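Hi,

Here is the structure I promised to pass on. Have a look at it first, and then read my notes below.

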Amino acid sequence: MNLREFSFGNPTRERGNSDFHPTIAIEDCNTLLTSNNADERLENDMSKTALDLSLLSRRNFLGNMYTGLAGVGLMHLLHNRAQADQSDWQPGRGMSHFPPKAKRVLQIFCPGAASHMDLWEYKPALEKYHGKPLPGEENFVSFQGKNGNLMKSPWAFAPAGECGKHMSTLMPHMSRHADDIAFLHAMHSKTNTHGPGCVFMNTGHPTEGFPSAGAWLSYALGSENDNLPTYVAIPDIRGEPPNGKANWANGFLPARHQAMMMSDQQPIRNLSRPPVISQAEETASRKLLDQLNRNFAEANPANTDLQARIAAYTLAARMQLSAPEVSNLSSESRATHEFYGTHDENDLKAAYARNCLLARRLLERGVRCVNLYCASRASGVDGLLNWDAHKTLKPDYERHCPIFDQPTAALLSDLKQSGLLDDTLVLWTTEFGRMPTHQSGTAGRDHNPDGFTCWMMGAGVKGGVSYGATDEFGRRAEVHPTTVWDFYATVLHLLGFDHEQLTWYHNGLDRRLTDVHGHVVEEILA
């Protein structure tokens, strides 16, 4: 008998036909093999049941294997979804994956790429080799062109705190907090352009359209105070940072998770009721508008922009009482104003100081995340409005550091003295660093995405430590290189979240703040 004539199933069915049933074929084979006269039964049933080994060809084998692997993948996805369904965690209800150290976040952002080797990371080699070429990169061309020789910092560094951390003497007030800060000196970025750099540092992605870290926190934890926004961005008096509102946008998360902008110099607009409209008229109008909006929202459940607008109007009604109170800085004592520097003769410093005071008042009233900006986007003159000191490093930073130093240090001291720092995580960030050389023909530094400093302080953070380092000149992250995703994996951990499990399904992917990267920097955890 020729085995090539065998086939599973009924020979009247064509091979590959969808009517083919392997179970029937197996039963036929079992009957065939248990027959008293197998040979005779086999020949008699040739017209009914046959065994076709061509179905065991390499092509069919690989095809069946592909189908099987797809089934394994589906089973894995369903298993993960079942686990998620069984989880007790629900977003937006103040819950976390595990007990958190921090309940809220203050992120201080200095746009323009603040220089790490002139502020936070002491580099004695720059003093030793000042005026000499950078070894191995003598002809390096960076963002704005050719670089000159190595340039030491124009300011001395001095030990600060009991930890002895060397910090720039440009910031005597901030030096008082050295024992409470964990510095991450080996940060590096994917871009050397300000706009994408700021967006990357704030969202974990160098392109617009992704949720900011504050939006993720708003989604994950929800509000702690129904009368105030969950997430507030405080722009500098000099303007918005590079790429503007993309730095605090909701991305693909529901629109209600974007930050609300407010500052001392720009309070929330149109919050007060016009005097020509009575309270009764406003209440009746609001009820009618609310009913119309809800009817439309029920008919269009996927329209998150409308849902966000409804929530915004509802919140605005409550904020007519709460917002004027929180932004009323005149209720603070004279000593507090002097401590922050809100009446300083430097108008830019005074404005930033008032924003620092506003940030503290928001945090103590239950706002989950506050983004506080010191400086703005680029101007026609490099370094005038932000920390982008391409041509004149010394006068630029001697203008910016006094604006930043006293008010920021006062805010940190205030949080610590009030006990808020116990469950508030403070972050200091910038988009990237600067070159250890001077730009050719200038006394400034060009962009450097390969090494820079960020730091953390407060809830769950081990103070007085430095994690990682750039090389001896500050050119590249060398010891424990740290990504933006590592930074935010650590932030989420302190807030009680597994960064791999905090996701939102979008365009076929479970999206994360940390993309597909990131690990917790355990070394800076208390």
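How much space lies in the largest cavity? About 80 Å³. By cavity I mean a set of points, on a 1 Å grid over the protein atoms alone, where a 1.4 Å probe fits but cannot get out; grid points are joined across faces, edges and corners, and the volume is the space filled by probe spheres set on the points. The structure holds two cavities of 30 Å³ or more.

Before going on, some ground rules. This is a predicted model, where local features need pLDDT of at least 70 and side-chain atom pairs count only at pLDDT 80 or more, while totals for chains, interfaces and linings use all residues. Residues are numbered from 1 along each chain as its sequence is written, and side-chain values use heavy atoms, with hydrogens and water left out.

Back to that largest cavity: its lining (residues with an atom within 4 Å of a point) includes Val105, Gln107, Cys369, Leu427 and Tyr488. β1, α7 (213-221) and α13 are the elements that give two or more residues to the lining. Helices (H or I, at least four residues) and strands (E, at least two) are DSSP runs, numbered from the N terminus.

Now α7 itself. Nine of its nine residues are buried, so α7 is largely enclosed by the rest of the structure; buried means under 20% relative accessible area, with a 1.4 Å probe and protein chains only. Among them are Trp216 and Tyr219. Just after α7, Gly222 takes a positive phi of about 75°. Across the protein chain, 48% of the 526 residues count as buried.

As for the overall build, the chain has 13 helices and 19 strands. Eight strands form an open sheet with mixed pairing, in the order β8-β7-β9-β1-β10-β14-β6-β15. Two strands pair if DSSP finds at least two bridges between them. β8 (260-261) and β15 (465-467) are at the edges with a single partner strand each, so one side of each has no neighbour in the sheet. β1 (residues 104-109) and β9 (residues 369-373) run parallel, joined by five bridges, and Leu106 has Val370 as its bridge partner in β9.

Two helices to look for: α11 (residues 347-364) lies across β1, β7, β9 and β10, at about 175° to β9. α13 (residues 484-494) also packs on the sheet, touching β1, β6, β10 and β14, and its direction makes about 5° with that of β14. Contact means heavy atoms within 4.5 Å; axes are lines fitted to C-alpha atoms, for helices over the stretch in contact, with angles from 0 to 180 degrees between N-to-C directions.

Cheers

How values were computed:
Buried means under 20% relative accessible area, exposed over 50%, partly exposed in between (1.4 Å probe, protein chains only). On a 1 Å grid over the protein atoms alone, a cavity is a set of points where a 1.4 Å probe fits but cannot get out, and a pocket is an open set with protein on both sides within 12 Å along at least five of seven lines; lining residues have an atom within 4 Å of a point.
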